[in-house]
Amino acid sequence: MSKEKFKHFSLTTDWLESKSKFSKWGIFISNNGKKHLILRIKNIFAIHWFSYILQEDLKNEIDETINSKDSFLIHLSILKLLNLPYVNNKSRKIFLFKTSKNFKTFIIPTKSSTNSRAENFIINLSTWNINSLSKNWKRNLKRSERSFKNFSYKEVDLLKDLDMVYEIIIKSATMKKYTYPYTKDFLSEVIKKAHKNIIALGCFNSKNELIAIRAFYIVDEIAIDFIAAALPESLKDYVTYNIAFNLIMRSKNLGLKSYNMGGADLIINKGVFNFKKGIGGKLISDGQIYSALTIKDYVPNFLSKIILKIFSNLL
């Protein structure tokens, strides 16, 4: 990945403000003006939550946090770092670097992050077309045409139809045996704030019931997968292929530069990985979650490492 700033909706003010409103997290403004989430315990202890930081920017981001108006004696940070090799559990090691104001920072991958290796498929919309699809993907897209007899495709108003959309998201998550991370109130708040930047396409049955949906979130001329959910009745007619293809075409016609299909883990979810791989695009890492402890120089290193190891094992 190049040194170009990584774009994601979790880095936007709309997202951070919504998260802060419906959680215990507050918003922290670093010395350089960048925002991230924080849990404060007076001016003694802080937990920072950074989303998507380039490895080469890590020291500077920590320094800018320490040098902000809010000062703390102990900083614990959760960071999704990009441009670092994937580290498995056996290879986890703590490393140290010097930070400003007589602080030092210890950092290590979280234990849970060693169980998953998510990657993103990035589509260059200027060159992408139907010929970019794999043979199998083209075949399934062709098969999706039979769905025209029983289903209709149309744009979904996420603000108006949130209850219906959220219901299918939860049903889809249950079917795939994973926990959807966002509450309806939180999702509603994000959509209200950023609805002009979110486009959704859905498939409806003859009763006008939503059976599949996909949406992207536009951040600085980049479309990022935001919602993807489908019920079993949509699968036999390859509805999800039709939705994904037409949504990507929509982003291309809008003149956007690229489409980020989102994270997928080949080991944990081979089906999703192969679905996204067949669309075509460049594979890049979604980053790995690290935990960091920034603490005063006078605290013994062995004690700092014990604190960080306990923290990293909880995440």
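What you're looking at is a predicted model. E7 and E13 belong to an open sheet of seven strands, and another open sheet of seven strands runs E1-E2-E3-E4-E14-E6-E5. Here's a quick tour of both, plus a helix pair and a cavity.

- Which strands sit at the edges? They are strand E8 (152–155) and strand E13 (282–285), each of which pairs on one side only.
- From one strand to the next, the twist averages 25 degrees.

**How H6 meets H3**

- H6 has a helix partner too: the axes of helix H3 (residues 135–143) and helix H6 (residues 239–253) come within 8 Å and cross at roughly 105 degrees.
- An angle of 65 to 115 degrees counts as roughly perpendicular, so that's the label for H3 and H6.
- On the H3 side, the residues in this contact are Trp137, Asn140 and Leu141; they meet Tyr241, Asn242, Ala244 and Phe245 in H6.
- Sorted by class, the contact of H3 with H6 has five nonpolar residues, two polar ones and no charged ones.

**The sheet that starts with E1**

- This open sheet, with the order E1-E2-E3-E4-E14-E6-E5, also has mixed pairing.
- Its edge strands are strand E1 (26–29) and strand E5 (95–99), both pairing on one side only.
- Ignoring direction, neighbouring strands here are turned by 30 degrees against each other on average.
- Inside the sheet, strand E2 (residues 35–41) and E3 run antiparallel, with five bridges joining them. Arg40 stands opposite Ala46 in E3.
- Helix H2 packs on this sheet, touching E1, E2, E3, E4, E5, strand E6 (103–109) and strand E14 (288–296). Its direction makes about 50 degrees with that of E5.
- Helix H8 (residues 301–314) lies across E3, E4, E5, E6 and E14, running at about 40 degrees to E6.

**The cavity**

- How many cavities of 30 Å³ or more does the structure hold? There is one, and the largest cavity has a volume of about 30 Å³.
- Its lining is made up of His48, Phe50, Ile62, Thr65, Ile66, His75, Ser77 and Thr294.
- Strand E3 (45–54), helix H2 (58–66) and strand E4 (74–82) each bring at least two residues to that lining.
- Which element gives the largest share? That's H2, with three residues.
- By class, the lining has three nonpolar residues, five polar ones and no charged ones.

How values were computed:
Residues are numbered from 1 along each chain as its sequence is written. This is a predicted model: local features need pLDDT of at least 70, side-chain atom pairs count only at pLDDT 80 or more; totals for chains, interfaces and linings use all residues. Side-chain values use heavy atoms; hydrogens and water are left out. Axes are lines fitted to C-alpha atoms, for helices over the stretch in contact, and angles run from 0 to 180 degrees between N-to-C directions. Helices (H or I, at least four residues) and strands (E, at least two) are DSSP runs, numbered from the N terminus. Angles under 35 degrees count as roughly parallel, over 145 as roughly antiparallel, 65 to 115 as roughly perpendicular and the rest as oblique. Contact means heavy atoms within 4.5 Å. Ala, Val, Leu, Ile, Met, Phe, Trp, Tyr, Cys and Pro count as nonpolar, Asp, Glu, Lys and Arg as charged, and the others, Gly among them, as polar. On a 1 Å grid over the protein atoms alone, a cavity is a set of points where a 1.4 Å probe fits but cannot get out, and a pocket is an open set with protein on both sides within 12 Å along at least five of seven lines; lining residues have an atom within 4 Å of a point. Grid points are joined across faces, edges and corners, and a volume is the space filled by probe spheres set on the points. Two strands pair if DSSP finds at least two bridges between them.
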